[in-house]
Amino acid sequence: MRRMSIVVSAGVFVLASGLWFRSDVFRPFLAASGGTVSGKVVLLGDAPQPKKLEISKDKEKCGSDKTAEDLVVSSDKGIKNAVVSVAGVKGKVDKAPVLDQKGCVFTPHVVLVSPGTPLDVLNNDGILHNFHTYSSKNPAVNKAQPGFKKKMTESFAQPEIIKVNCDAHAWMTGWIVVTDNLSTVTIDGGSFKLSDVPAGTHKLEIWHETLGKVTKDITVKAGEETKLTIELAKK
Ligand SMILES: [Cu+2]
């Protein structure tokens, strides 16, 4: 009887260790051992005056009072539309990213897309727009999107930061950030939050279209929140 219980115990142990090493069973334990990285991206130095865009045509659809989004800084210097990524850590992605053309502005101004994931490019204005990308690793896209064409779908295979313009409205600029790294974009006021970051040390990469790129070494502990203030300076 005693021998039998030893055999049974050993069997349970073998089964348990077998489960432990099976990657599909093990993964939830890994996810639970991650931490959160949050904080704020701020401008070092004086905030610039917001720039008005020059709306030269289609004012009835586009409006006439628009502010440039190339550097949006809040009263406490938080920078909107900065991309914060954990280098080398694959991240959750928006499965259905959308880039809308609404009021002759690309919305959102910066959109995150995983490599190969379809990006829906919408035209909610009912007038002619033109989707023109400037890239080096992915083929350039230069397509008219007439008012009746409410949706086009594009995808980008290679990780890259791609500028997009509308040739019909010179002020229309947006950015498509193709990445499979765990990433997010700062909101109004410059704050960000990344969840499920694996415990350990990482390089945090911060990119902004006019302020450039900086990296910062971070340490993440399981179940804890690492809070950071990241300063970007004008060049
Ligand atoms: Cu346009």
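This is a predicted model: local features need pLDDT of at least 70, side-chain atom pairs count only at pLDDT 80 or more; totals for chains, interfaces and linings use all residues.
Residues are numbered from 1 along each chain as its sequence is written, and side-chain values use heavy atoms, with hydrogens and water left out.

**The copper site**
- The copper ion's protein donors are His-129 (ND1), Cys-166 (SG), His-169 (ND1) and Met-172 (SD), 2.0 to 2.7 Å away from the ion.
- A donor here is an N, O or S atom within 2.8 Å of the metal (3.2 Å for Na, K and Ca), and water is not among the atoms, so sites may look incomplete.
- The site is tetrahedral, with angles of 95 to 132° among the 4 donor atoms; for four donors, that label needs all angles between 85 and 135 degrees.
- For reference, the ideal angle for four tetrahedral donors is 109.5 degrees.
- Along the sequence, the donor residues follow the spacing H-x36-C-x2-H-x2-M.
- Cys-166 and Met-172 are both buried, meaning under 20% relative accessible area (1.4 Å probe, protein chains only).

**Asn-165**
- Asn-165 sits in strand 10; a strand is a DSSP run of E, at least two residues, numbered from the N terminus.
- Asn-165 counts as buried because its relative accessibility is 12%.

**The largest pocket**
- This pocket holds about 270 Å³ of space, counted as the space filled by probe spheres set on the grid points.
- A pocket is an open set of points on a 1 Å grid where a 1.4 Å probe fits, with protein on both sides within 12 Å along at least five of seven lines; lining residues have an atom within 4 Å of a point.
- It has 15 lining residues, and Ser-85, Ile-161, Thr-179, Glu-205 and Lys-213 are the closest to its centre.
- Strand 14 is the top contributor to the lining, with 3 residues.

**The second largest pocket**
- Here the space is about 200 Å³.
- Its lining includes Lys-92, Asp-94, Val-111 and Thr-179.
- Strand 5 supplies the largest share of that lining, 3 residues.

Conventions. Helices (H or I, at least four residues) and strands (E, at least two) are DSSP runs, numbered from the N terminus. Four donors count as tetrahedral if all angles lie between 85 and 135 degrees; four count as square planar and six as octahedral if opposite donors are over 155 degrees apart and all others between 65 and 115; anything else is irregular. Buried means under 20% relative accessible area, exposed over 50%, partly exposed in between (1.4 Å probe, protein chains only).
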